[in-house]
Each structure stands twice: as structure tokens, then as C-alpha cells.
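Student: Please take me through the salt bridges of this model. I would like a close look at each pair, and then at what lies around them.

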Amino acid sequence: MEQGNAYLPDRDMTGHAERVLMTRASKAWRPDFLAGCTMYVSAEPCCMCAGSAYWAGLGRIVYGLSEHRLKNITGNHPENPTLDLPCRQVFDSGQREVEVIGPVLEDDAAKVHEVFWQKHGQ
């Protein structure tokens, strides 16, 4: 499955691509299947998205840009009030393991987000 950000057109503040993808995936497949799946994302899942991956039963996440560095890029943007909470910390609070790989190619991933946030203002 693929999923883009679903913030527009309804201005859904919970419409992060990862959260929407995990909702779709959990409707399509059972946790035992999702335990063998990997979600690849440009930026580290926020705590909401990490929680949705955990509850869906996802087995692995690979991300490019850390949440900490994303917060430095977005600043105090009203449409992205980034929480500097690593997804590993969210998963470590759970009762089952979710493998996390990242950040990987962080400078490349940062460029994509820097261009986007420069266009949308800080």
C-alpha cells in the first residue's frame, strides 16, 4: 500500500500518511500478517503514527529523517506542532517488539522536508 498525507482537503490534523496507512492496513490484514510487514517513511513516525503502527501489529518501520531534526526544520508551525518524542520510546512502552531502522539517508530525507516547509512557511 501507498499513502500520502491526508491533511487536505478537510484539514484533518490526524491525517498523517502513516496513521491513515495503518488504518487502511489494519482493515485489510490481520496483525499476524502485518507483523511481517515493513513501513518505509521519509520521516520518523510521530507518537500518534507510532501508536497506530503498534496497534495495527506492524513488525518494522524504516525512516529517513528523525523527529528531532524534523522539529528543527518545521519550527513552531501551526499545522505541524512536532513532538520531539522518538518512536522507539513509544514502542518501548508496549508489550510487543516493533523493529525500528533509522534514521537512514537523513540528509537526503531532510532536503525533501526543507523544500516543502520553505514553500509552506514557518
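Tutor: This is a predicted model. Start with Asp12 and Arg19, whose side chains meet in a salt bridge at 3.8 Å, N to O. Asp12 counts as partly exposed, at 29% relative accessibility. The structure holds 4 salt bridges.

Next come Arg60 and Glu99. Their side chains meet in a salt bridge at 2.8 Å, N to O. Arg60 lies in strand E2 and Glu99 in strand E3 (residues 99–101), so the pair ties together parts that are 39 residues apart in sequence. Arg60 is partly exposed, with a relative accessible area of 29%. Glu99 is also partly exposed, at 32%.

Now Glu106 and Arg69. This salt bridge spans 4.0 Å, N to O. It links distant parts of the chain: Glu106 sits in helix H6 and Arg69 in helix H4, 37 residues apart. Arg69 is partly exposed, with a relative accessible area of 25%. Asp107 joins in as well: Arg69, Glu106 and Asp107 are linked in a network of salt bridges.

Helices H4 (67–74) and H6 (106–119) also each supply at least two residues of the lining of the largest pocket. E1 gives the largest share, 6 residues. The pocket holds about 1200 Å³ of space. Its lining counts 44 residues, and Asn5, Gly15, His16, Ala17 and Glu18 lie nearest the centre. By class, 28 lining residues are nonpolar, 10 polar and 6 charged.

H3 deserves a look of its own. In this helix, 7 of the 10 residues are buried, so H3 is largely enclosed by the rest of the structure. The buried residues are Cys49, Ala50, Gly51, Ser52, Ala53, Tyr54 and Ala56. Their cover includes H1, H2, E1, strand E2 (60–65) and helix H5 (87–92). Just after H3, Gly57 takes a positive phi of about 100°.

Last, the cysteines. The structure holds 0 disulfides. Cys47 is in none, and the nearest cysteine sulfur, that of Cys46, is 5.3 Å away. Cys47 is partly exposed, with a relative accessible area of 26%. The sulfur of Cys87 is 9.8 Å from the closest cysteine sulfur, in Cys46, too far for a bond. Cys87 counts as buried, at 0% relative accessibility.

Definitions and conventions. Residues numbered from 1 in each chain as written. Predicted model: local features only at pLDDT ≥ 70, side-chain atom pairs only at ≥ 80, totals over all residues. Heavy atoms only, no water. 1 Å grid on protein atoms, 1.4 Å probe; cavity = no way out; pocket = protein on both sides within 12 Å on 5 of 7 lines; lining within 4 Å. Points joined across faces, edges and corners; volume = space filled by probe spheres on them. Helix = DSSP H or I, 4+ residues; strand = E, 2+ residues; numbered from the N terminus. Nonpolar A, V, L, I, M, F, W, Y, C, P; charged D, E, K, R; others polar. Buried < 20%, exposed > 50% of the residue type's maximum accessible area, 1.4 Å probe, protein only. Contact = heavy atoms within 4.5 Å. Disulfide = S-S within 2.5 Å.
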